[in-house]
Amino acid sequence: MTAPPLDPVRASLDRALHALAALGPEPAAHANRIGAILWSPPRIVVVGRLKAGKSTLVNALVGAAVAETAALEATSVVSVYQDGAPARVEAVLRDGARRPVDTVRGQVVALPVPADEIAYLHRWLPSAAIRDHTLVDTPGLATLTAENEARTRRVLIDGFEQTRTASVDADAAVFLFDSTPRADEVEFLRQLGFTPLTTLGVLSRADGFGEGALGDRDPLDHAAEHAVTLARRLRGTVMTVLPIAGLLAETSHTGALTEADARALADLGALAPLDLIDLLDSDGTDSGEAQVRGRLLDLLGEYGMVHGRAVAARGAAALNDWLVVKSGVPQLRRVLARHLGAFAAVHRAGRIVRELDRLAYTHPAREQIRAIVGALRADPALRTVVLFDHLGAMLDADPASPVTDELRRLLEHPTAAGGLGLPPQATADQVRAEAHRKLSWAQAQQLSTMTAAEDAALVALIHTYGLLARGM
Ligand SMILES: Nc1nc2c(ncn2[C@@H]2O[C@H](COP(=O)(O)OP(=O)(O)OP(=O)(O)O)[C@@H](O)[C@H]2O)c(=O)[nH]1
Ligand SMILES: [Mg+2]
């Protein structure tokens with residue numbers, strides 16, 4: 001395996017950890033522990049309502065049908081999917097102890113202890129798709145399954161406070177909903193401590209959206225339009241909302257489709273859509289043909305069957321390509337890599353700074369450690385990490401403050417012009433002038449801050465605007 005490239009943020013954190021290790025054997029042990037966080041890939045947790053399609057999407061992203069979607073007890077525990085060989089599963093118990101778990105083709109057959117005693121299942125499989133970030137599948141949230149919710153909560157929120165060994169420190173979230181999310185789901189997400197920059201909304205089951213496969217409107221187009229509306233409405237919670245047809249994604253990304261499937265689907269091409277659905281509805285499982293259609297329905301859903309027949313005539317590869325495009329996963333992968341993954345890495349870097357902060361308060365060598373953290377916070381390479389940390393604090397303290405908006409814009413836009421709210425074609429002079437204007441604004445704000453978080457955030461903003469005003 002190749003080591004991840006040493007970006008400037010990691011390089012600075014690595015230097016700080018080396019400085020910590022140089023203070024003696026005991027600080028060196030802390031440096032090693034914190035270093036393990038630095039060098040493991042960020043963790044992205046998939047959360048959402050019961051049966052929203054979380055495990056199906058995880059399978060698509062991992063590229064193998066490993067996450068159980070049938071009603072097995074394994075669907076009621078948190079699973080962490082990490083790139084690694086050999087493929088294996090360990091149950092991490094609530095006291096941190098680990099037990100091997102039996103699997104068949106990657107799926108869990110039976111849990112070694114009752115689900116209640118398990119903090120999470122740690123699962124390794126060799127998959128390039130999860131090399132850059134580890135995926136965490138969670139049991140569905142629903143008032144009816146308070147137990148599931150308690151398990152997710154315990155591992156993601158409470159566990160953090162209790163034994164650190166039995167907790168999953170997630171850095172970003174994919175939040176799934178198949179219609180408009182409920183207020184309690186949004187609240188749950190807020191409690192997980194993610195910011196809109198580390199939360200991606202997914203409108204799942206897009207292939208069945210609205211009137212479904214037989215409606216006048218294409219459900220995928222309809223879902224795409226609804227996703228735009230939801231993104232606007234949920235702006236305080238998610239970075240954006242993407243429509244995803246997880247079933248089409250799972251089938252096309254796990255190699256489930258065969259030439260025989262494509263032929264069988266193409267053979268149904270002559271039926272009118274309504275007649276096809278009637279036929280599927282009336283199918284028992286006795287005849288061979290009905291079984292073939294049943295398999296196609298499991299793989300493609302009604303939408304895939306009705307609309308995939310023409311392309312199926314060109315073979316399994318063409319059908320697979322069509323499913324990939326319709327699934328929405330290519331777009332999801334782009335957002336994961338460029339935005340969510342990037343901010344997950346920023347979140348992770350922030351955690352390391354906070355770990356060092358904590359040491360700086362409690363450790364006997366606190367003076368030296370404080371100097372190390374101080375240098376780190378002032379390091380230009382960590383500017384994004386520091387601003388992101390302030391955004392998190394502001395979202396807790398005063399989400400409606402203009403300071404929160406300023407932080408978010410600076411973080412969301414990689415260019416100086418964009419970060420200041422100027423159009424991309426703004427000249428260097430215009431950028432400097434706007435930075436000056438914002439600098440004065442921030443200094444004026446300082447006279448009437450409402451919270452300690454705002455106080456601290458303004459100091460960081462003034463520093464950033466100062467650099468931009470000097471053309472840096
Ligand atoms: N048509 C269609 N069916 C889907 C889609 N995604 C998931 N399903 C089906 O919905 C059912 C539940 O999907 P899961 O992926 O197990 O949902 P989950 O959110 O993991 O469920 P829990 O873990 O039990 O909360 C399965 O039968 C899937 O095949 C989709 O995009 N389209
Ligand atoms: Mg599931």
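Student: How many residues of helix α3 are buried?
Tutor: This is a predicted model, and in it 9 of the 9 residues of α3, which spans 54-62, are buried.

Student: What follows α3?
Tutor: Gly 63 follows α3, and its phi is positive, near 85°.

Student: At what angle do α3 and α12 pack?
Tutor: The angle is about 80°, and the axes are 11 Å apart. The two helices, α3 and α12, are therefore roughly perpendicular to each other.

Student: Which residues meet there?
Tutor: From α3, Leu 57, Ala 60 and Leu 61 meet Val 329, Leu 332, Arg 333 and Leu 336 of α12. By class, this contact of α3 with α12 comprises 6 nonpolar residues, no polar residues and 1 charged residue.

Student: Why quote both an angle and a distance?
Tutor: Two packed helices are described by both quantities, the angle between the axes and the distance between them.

Student: Then how do α12 and α14 cross?
Tutor: The axes of α12 (residues 329-362) and α14 (residues 383-397) cross at roughly 85° and come within 9 Å. Angles of 65 to 115 degrees count as roughly perpendicular, so α12 is roughly perpendicular to α14.

Student: Which residues make that contact?
Tutor: On the α12 side they are Phe 343, Val 346, His 347, Ala 349, Gly 350, Val 353 and Arg 354, and on the α14 side Thr 384, Val 385, Phe 388 and Asp 389. The residues of this contact of α12 with α14 divide into 6 nonpolar, 3 polar and 2 charged.

Student: Staying with α12, is Arg 351 buried or exposed?
Tutor: Arg 351, which belongs to helix α12, has a relative accessible area of 9% and is buried. Leaving aside neighbours within four places in sequence, Arg 351 is in contact with Ile 37, Asp 169 and Asp 171.

Student: Changing topic, into which domains is the protein divided?
Tutor: The division gives domain 1 (8-38 + 345-469), domain 2 (40-194) and domain 3 (250-327). The C-alpha centres of domain 1 and domain 2 are 30 Å apart, and the contact takes 11 residues from domain 1 and 9 residues from domain 2.

Student: How many residues does the largest nonpolar core have?
Tutor: The largest nonpolar core has 52 residues, and those with the most contacts inside it are Leu 203, Val 241, Leu 300, Met 305 and Leu 319. Helix α10 (residues 288-312) contributes the largest share of this core, 8 residues. The core also draws at least three residues from each of domain 2 (40-194) and domain 3 (250-327).

Student: What is Leu 300 in contact with?
Tutor: Apart from neighbours within four places in sequence, Leu 300 is in contact with Leu 247, Leu 248, Thr 251, Leu 257, Leu 265, Met 305 and Leu 323. Another core, of 48 residues, lies apart from the largest one, with Leu 17, Leu 197, Val 403 and Ala 469 among its members.

Student: Where is Thr 240 found?
Tutor: Thr 240 is in the loop between α6 (219-233) and β11 (241-243). With 26% relative accessibility, Thr 240 counts as partly exposed. Not counting residues up to four places away in sequence, Thr 240 touches Leu 200, Gly 201 and Ala 231.

Student: How far is Thr 240 from Arg 43?
Tutor: Their C-alpha atoms are separated by 19 Å, and the two residues are 197 residues apart along the chain.

Student: What about the backbone at Arg 205?
Tutor: Arg 205 has a positive phi, near 55°, in a residue other than glycine. Arg 205 lies in the loop between β10 (199-203) and α6 and is partly exposed, with a relative accessible area of 45%.

Student: Lastly, is the peptide bond from Ala 85 to Pro 86 cis or trans?
Tutor: The bond is cis, with omega near -5°. Pro 86 is located in the loop between β2 (79-83) and β3 (88-93).

Terms used: Residues numbered from 1 in each chain as written. Chains lettered and ligands numbered in written order. Predicted model: local features only at pLDDT ≥ 70, side-chain atom pairs only at ≥ 80, totals over all residues. Heavy atoms only, no water. Core = buried A, V, L, I, M, F, W, Y, C linked by side-chain atoms within 4.5 Å. Buried < 20%, exposed > 50% of the residue type's maximum accessible area, 1.4 Å probe, protein only. Helix = DSSP H or I, 4+ residues; strand = E, 2+ residues; numbered from the N terminus. Domains from an automatic or database assignment. Contact = heavy atoms within 4.5 Å. Axes fitted to C-alpha atoms, helices over the stretch in contact; angles between N-to-C directions. Parallel < 35°, antiparallel > 145°, perpendicular 65-115°, else oblique. Nonpolar A, V, L, I, M, F, W, Y, C, P; charged D, E, K, R; others polar.
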